[in-house]
Amino acid sequence: MTAVDEIKIGGMGASRRRVEDNRFIRGKGNYIDDVVLPGMLHMEILRSPLAHARIRSIDTSKAWAMPGVRLVLTGETMAARNLAWMPTLSYDTQAVLATDKVRFQGQEVACVIADDPYIAKDACEAIMVDYEPLPPIVNPTQSLADGAPLIRDDKENQPDNVIYDWEVGDKDGTDRAFAEADVVSKLELHYPRSHPSPIECCGSIADFNRSTSKLTVYMTTQAPHIIRAAVALVAELPEQMIRIISPDIGGGFGNKVPVYPGYVASILASILLERPVKWIEDRTGNLISTGFARDVYLHGELALRKDGRILGVRMQTTADHGAFFSDAQPSKFKIGLMHSAFSCYDIPNAHLVARGVYTNKAPGGVAYRCSFRVTEAMFFQERMVQAAADDLGMDQAEFRRINFVRDDDFPHRTPWGFLTDSGQYAKCLDVGLEAIGYQDFLAQKEEAAKRGRLLGIGISTMTEPLGAGNSREYDILGIKMFDSAELKVHITGKALLRTGAKSQGQGHETTWAQIVAHELGIPAEDIVVEEGDTDTAPFGMGTYASRSTPVAGAAVAMVSRKIRAKARKIAAHLLEISEEDIEWELGRFYVRSQPDRGVTIQECAVAAYSNMPDGMEPGLDNTAYYDPPNLTWPFACYIATVEVDPETGVWDVLRLVAVDDCGVRINPMIVEGQIMGGLTEAYAMASMQFITFDEEGNCVGSNFTDYLLPTAWETPGFELHEVVTPCPHHPIGAKGIGECAAVGGPAAFVNAVIDALKGTGVRNIDMPVFPDRVYEALQTGQDISGAPPVRTDEA
Amino acid sequence: MSSLYEVVPSEAADDVPVMKVTIRVNGENRSAMVEPRLLLAHLLRQGFNLTGTHTGCDTTNCGACTVLFDGQPVKSCTMFAVQADGHDVMTVEGLAGPSELHAIQEGFKEEHGLQCGFCTPGMMMTSKALLDENPNPTEDEIRWALSGNLCRCTGYQNIVKAVMWAATKLDGQ
């Protein structure tokens, strides 16, 4: 008898087909809007049409009079219960329903609960709100101007519109580096506001049962346990009486991390009406009010030596947070992990100043397929690196190679103090250059230029911090960022696994079982995975920041090892020898001196319930809480080639080569799916996807006709390659991957377009790199800023 | 009436017009009394409990609500239920019988053509219409045919492969 074949049982490295697909391809998923409870009512939200206005009065009488209307909630109703405001994930407050002012277009003003969603929507139309318009502020320049209207006049000690000024790094050392520099390369950039836009919008069904005092809430949340804690604190309900169920989620990408006013209002409505209340957000509501992403300005400088070494980096960022500071980010870092920039480069001096401001725009700043402002950091980094290489007249690949942290330099302290632990940066770059045929392309580009054709190649290389946390440094509202897994092995050797994470398409039901199969030799198909129900799942911090595999996935490995340790004692009992004389191979224990004599893990499971050794607690269950020693640091190299049409500014992607090193891959098929999805969002950011505002504060991009998402037609094909550097501290050597391509990808596309324009004097075109922007840059030889328009009559 | 009682709202507005519609849904005649403004997607989901048809955008952009209307892919969120009266509608639940899978469904699973699964029913219905008309499409033809359906997870590459997988399988049948 020998060990089981790991690939055959769907263990690590198997491109196992997904378990969850069986229901999704039949249309039998259970998404929030598919959940129907007896006696359920429907809620709709009335939103502000204005970006900034004082509320003079709200007349709800016509709405109340409509047949089928059960309840109308306004800020006044909420305030009477101390629920008009709620805390955000960044120690700010956010209005649930407006009481005094509306502070962005789309802000929640009133809710109607009715027998039918159509009736609720009709009744919202019947609510009369008298607004006194105030001057809107749509960008940081306006926000910081002398005499700018105060957006957050609700707050004490808030004399202006500044949320924070934050500084990190060595200013004096960096100043010295710049004084010694041969060349200083500067760049002004704007990473535009965007929106994650999962195809499923947000929603909740609150079901308060007065007779049991239990509140059950079905909710589109990526982090159900955090929500339970938040509901307990905000609604002042006892936590054991709150059950949050996150059903199948139709995509999250960070959009489903925060607490939204709709959730809170549906909960209050259910408590008041003692009936289930369903709120399903419409697309416009989703786009104009829920967590946006990005919207950060950069002034960046690199101090360079002639030989290509980077001596120092300065970054000065200004983030436009909208009306409420509600970023999802670790408590200790005021602007997330922006200071993770330049982590793959060996730079001795760095200084970062970050400012955050309020504007009359929707709150958010959540991750959008990126952890905690890392996306902006990496985009700025790779745009600055390309500009620096150009300013030095150096080859962009060679410039990166010169400055990379070398393979034997780990562990490495990054410019702003993170500790990276592993990587083969130059190798990844080489694989990418080889795949794209770098030298050939450069020759082709030169040849094409002679005939007036504009070809360009863009590289983006980066390592990013994924998988918050460790709990020493990372917490959200004080809750440490660990995660958990609970494994119950049944008497027949089949198993149930639950974790504190929550899949939104990542395929946890498939991959978690593969980790258990790897650790215990139980076939993956014998393991059921459940997530998202706070009454059954162990406490965890949820799924975002690419943290599932680094943290919850590690917990799955660790709980499996706990089970194996107990099974080992049972095996010794069954084999009637000492535990020390037992060896493990996948799926079975055997006697070291007699390899034929052994017991399988399944036989140990039977014995755990029927024939355990004297004094041993029966059963084969355990729980692991995993607090990672460090973040994981995957590395990626993305290379795009493009052709720009000088007549129209239209650019086409010729090829996109991706080299990802995310350590050991649990399910290569799923990893590649994550990379391709991320690359598509990277292409979207670079080419078309952004949310901007006109000078009145009207959101331009409030539906999918205005907010452009790439379709199958525009999206280029991708060529994927891999390098594997196992994570030294993760139990199975894995690193995060979900966000890498969305984080590192945009710069590859933009760098390629800028490279195509080399020689025209154009150093930057802000995203989205629309054809008209490229055309204008070609005509004028000037950089194109994407900063939103400023209201001139107020200036 | 299919049961002995029907609960009606006691305070229902009297002036709301209601129409009876009969639609052949997945091969079976289904009838309902509907307000003329009721969207087809909502009748399918709430009225007939066919929740595989999803709504994602309200503006005919995302295609999650795609069903086959007399064999043609339409976005059921932008069509009134009354417009379907007397017509044939196929939803994702009609693709295959119980415990069976259509080749397109198999293809999406085999080629990892879905992640969160929300756009998948619409993607598959559009793919069916394509393959019904063009059994051996090129990659470009697939990408063009699917350009009215948005996916945020996959990047489309595997969806294209899934449709090709299905085409190959159907070709061999």
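Here is a short chat about reading a sheet, a helix pair and a chain contact in this predicted model.

Colleague: Let's start with the sheet. What is the order of its five strands in chain A?

Modeller: Going across, the order is E9-E18-E16-E15-E10 in chain A, and this open sheet has mixed pairing. Strands E9 (162–169) and E10 (183–194) of chain A have a single partner strand each, so one side of each is left without a neighbour in the sheet. From one strand to the next, the twist averages 10 degrees.

Colleague: And in which sense do E15 and E16 of chain A pair?

Modeller: Antiparallel: E15 (residues 293–304) and E16 (residues 310–320) of chain A are joined over nine bridges. To find one of them, look at A:Gly300, whose bridge partner in E16(A) is A:Met315.

Colleague: Which helix lies across E10, E15 and E16 of chain A?

Modeller: That's H10 (residues 374–392) of chain A, which runs at about 145 degrees to E10(A).

Colleague: How do I read two packed helices?

Modeller: You describe them by the angle between their axes and the distance between the axes. Here, H10(A) packs with H11 (residues 396–403) of chain A at about 110 degrees, with the axes 9 Å apart. The two helices H10(A) and H11(A) are therefore roughly perpendicular. Residues in the contact include A:Val385 and A:Leu392 of H10(A) and A:Phe399 of H11(A). By class, five nonpolar, two polar and one charged residues make up this contact.

Colleague: How many residues does each chain bring to the contact between A and B?

Modeller: Chain B brings 43 and chain A brings 44. On the chain B side, helices giving two or more residues include H3 (120–133) and H5 (157–172) of chain B. That side has 20 nonpolar, 16 polar and seven charged residues.

Conventions: Residues are numbered from 1 along each chain as its sequence is written. Chains are lettered from A and ligands numbered from 1 in the order in which they are written. This is a predicted model: local features need pLDDT of at least 70, side-chain atom pairs count only at pLDDT 80 or more; totals for chains, interfaces and linings use all residues. Two strands pair if DSSP finds at least two bridges between them. Helices (H or I, at least four residues) and strands (E, at least two) are DSSP runs, numbered from the N terminus. Axes are lines fitted to C-alpha atoms, for helices over the stretch in contact, and angles run from 0 to 180 degrees between N-to-C directions. Two residues are in contact if their C-beta atoms, placed from the backbone, lie within 7 Å. Ala, Val, Leu, Ile, Met, Phe, Trp, Tyr, Cys and Pro count as nonpolar, Asp, Glu, Lys and Arg as charged, and the others, Gly among them, as polar. Angles under 35 degrees count as roughly parallel, over 145 as roughly antiparallel, 65 to 115 as roughly perpendicular and the rest as oblique.
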